[in-house]
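Subject: Structure for your review, with notes on what was found

Dear colleague,

Please read the notes with the coordinates open.

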Amino acid sequence: MNAPLRKSRPYIFWGQTQSLCETCLKLVPTKIQILDNEVWYEKRCREHGVQSTLVSTDAAYWRLCKDFIKPGDRPLQFQQRTEFGCPYDCGLCSDHEQHSCLALIEITEHCNLTCPVCFAESSPARTKFTPLATVEKMLDALVASEGEPDLVQISGGEPTLHPDFFEILDAVRARPIRHVMINTNGLRIAREKDFVARLAENRRGLEVYLQFDSLQRDALIDLRGADLRKIRQQALENLEHYGVSTTLVATIKRGVNDAEIGDIVRHALTWTCVRGVTLQPVQDAGRNENFDKNTDRIMLSEIRKRVIETGVFGDKDMIPLPCNPESISIGYGLRNGERVLPLTSLIPQEQLVAVMPNTISPEKYPVLREKFVDLFSLSSGPQNTSERVCELLCCLPSFQVPEGLSYENVFRVTIVQFLDRFNFCVGNVKRSCIHFVTEQGAIIPFDTYNLFYRNGKIDGIRAALRGDTYREATQREEMPR
């Protein structure tokens with residue numbers, strides 16, 4: 001017999017999604033392929049052909065993320081009706097699967113830097129400041145949607161430059177918002193101790209989200225357009241002096257600062273005011289000058305590997321965040337000076353496995369599972385983290401809760417990967433829990449806002465979709481019966 005032998009495809013066909021054509025940004029059918037230990041999207045655009053894009057360098061971890069998916073929480077109300085389908089109805093629409101774990105309120109386009117990687121394209125030349133009354137309406141829209149929002153991040157531009165900054169902070173405090181973060185480049189914090197002292201007066205439930213991309217001059221010039229090493233040092237000294245809780249935030253770009261991830265984590269542990277580090281792969285949105293898909297993209301899986309190499313958190317400690325597991329990985333620990341004891345290592349393996357969704361016996365330890373998921377949430381902040389840690393540990397018969405446990409004893413590393421034209425996935429964006437609140441009261445996922453809504457591109461897309469819908473209806477009417 002000389003029948004030809006069939007050949008196997010060189011990859012595993014894992015499934016199908018919808019992503020974006022990387023040229024025209026239209027939704028296109030997309031194969032999910034696993035090749036060795038990598039996950040790829042193969043997209044097919046009628047106009048621009050086939051595009052293959054790497055989305056994970058760790059197929060095992062990517063698969064694990066599926067086991068952490070849990071039912072999403074609905075907001076109390078939606079702001080947008082569903083007309084065109086995801087991602088063209090953001091606002092939130094009723095088709096979105098997750099409420100706002102973290103909501104950003106941008107209060108200005110003005111900034112004292114012109115960062116080459118700014119997704120908001122802020123600069124000193126942009127002078128708009130959102131009026132206090134408008135900010136209050138934005139906060140009210142969020143409260144109407146969430147009831148008691150977990151976490152609001154005041155952002156910009158550089159929010160500390162707003163002439164009504166502290167009045168805005170008072171407006172946040174006047175509402176049932178559990179935790180507020182100030183997203184800042186740190187220039188004013190470094191230069192004005194009186195400003196930090198006033199922040200410290202409001203420090204209960206407040207945290208500074210401090211831009212901290214690198215300890216090296218060249219990387220800072222590449223990412224921020226300025227050597228900010230002295231600014232960062234002075235900002236941290238002032239925050240340390242006044243005891244203001246701080247998270248260091250690094251935008252990670254391949255070949256620029258990815259080799260420093262371990263250094264940034266270890267540096268964070270030298271400051272008692274620092275509660276953790278957030279690492280964000282650069283999102284191809286906004287200014288993002290001279291971005292090259294082949295040389296500049298870095299994935300959550302690669303950053304996670306670098307974190308594990310630090311020895312602060314191990315492979316079992318950096319877990320997917322249940323509300324949006326493929327986009328957020330988090331490790332939580334108890335710190336003693338510069339030493340960290342990962343919380344997951346305190347939980348016996350049998351119980352740890354039991355609390356994870358979609359395992360053999362998730363009902364065996366229902367209370368432990370609930371406390372575990374609560375802790376590993378973006379909503380854990382100064383007001384509730386120590387309480388949640390205590391509740392988790394009290395569920396463990398073999399563990400005694402340390403006396404005096406507080407937010408100062410907690411250290412976390414979070415990796416947040418935002419979607420762009422390369423790794424966009426309709427399923428993932430439906431689970432997005434980090435949202436912008438617009439001046440019109442719309443609530444829009446971070447990923448789609450920067451892709452379609454910030455620059456008004458969505459208006460042209462919707463107009464084109466309306467035209468297609470009209471043409472399809474007309475063609476149906478003209479068909480012979």
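In which loop does Asn-288 lie? Asn-288 belongs to the loop between S10 and helix H9 (293–296), where helices (H or I, at least four residues) and strands (E, at least two) are DSSP runs numbered from the N terminus. Before going further, please note that this is a predicted model, in which local features need pLDDT of at least 70 and side-chain atom pairs count only at pLDDT 80 or more, while totals for chains, interfaces and linings use all residues. Residues are numbered from 1 along each chain as its sequence is written, and side-chain values use heavy atoms, with hydrogens and water left out.

Asn-288 is buried, with a relative accessible area of 7%; here buried means under 20% relative accessible area, exposed over 50%, and partly exposed in between, with a 1.4 Å probe and protein chains only. Leaving aside neighbours within four places in sequence, Asn-288 is in contact (heavy atoms within 4.5 Å) with Pro-116, Val-117, Cys-118, Val-282 and Gln-283.

Overall make-up

The protein chain has 16 helices and 16 strands, and buried residues make up 56% of its 481 residues. Of the contacts in the chain with a separation of 6 or more, 69% are between residues 24 or more positions apart. The chain exposes about 21500 Å², of which carbon and sulfur atoms supply 47%; accessible areas come from the Shrake-Rupley method with a 1.4 Å probe, and for residues only the protein chains shown count as cover.

Cores

In soluble globular proteins, nonpolar side chains tend to be buried together. A nonpolar core is taken here as a set of buried Ala, Val, Leu, Ile, Met, Phe, Trp, Tyr and Cys residues joined through side-chain atoms within 4.5 Å. The largest such core has 70 residues, and those with the most contacts inside it are Ile-105, Ile-154, Leu-199, Leu-279 and Phe-411. Its largest share, six residues, comes from helix H3 (residues 165–173). Apart from this core lies another, of 41 residues, among them Leu-25, Cys-323, Tyr-449 and Leu-451.

Six of the eight residues of helix H8 (residues 261–268) are buried, so H8 is largely enclosed by the rest of the structure. Those buried residues are Ile-261, Gly-262, Ile-264, Val-265, His-267 and Ala-268, and what covers them includes helix H7 (229–242), S9, S10, H10, S12 and S14. Val-277 lies in strand S10 and, at 1% relative accessibility, counts as buried. With residues up to four places away in sequence left out, Val-277 touches Ile-264, Val-265 and Ala-268, and also residues including Thr-247, Leu-248 and Phe-411. The C-alpha atoms of Val-277 and His-267, ten residues apart along the chain, are separated by 9.9 Å.

On a 1 Å grid over the protein atoms alone, a cavity is a set of points where a 1.4 Å probe fits but cannot get out, a pocket is an open set with protein on both sides within 12 Å along at least five of seven lines, and lining residues have an atom within 4 Å of a point. Grid points are joined across faces, edges and corners, and a volume is the space filled by probe spheres set on the points.

Of the 44 residues that line the largest cavity, Phe-119, Asn-183, Tyr-209, Val-249 and Gln-280 are the closest to its centre. The lining of the largest cavity divides into 24 nonpolar, 16 polar and four charged residues, where Ala, Val, Leu, Ile, Met, Phe, Trp, Tyr, Cys and Pro count as nonpolar, Asp, Glu, Lys and Arg as charged, and the others, Gly among them, as polar.

The second largest cavity has about 160 Å³ of space, and H1 gives the most to its lining, with three residues.

The largest pocket has a volume of about 630 Å³, and of its 32 lining residues the closest to the centre are Glu-106, Tyr-449, Tyr-453, Arg-454 and Asn-455. The largest share of this lining, four residues, comes from H15, and by class the lining has twelve nonpolar, ten polar and ten charged residues.

With best wishes
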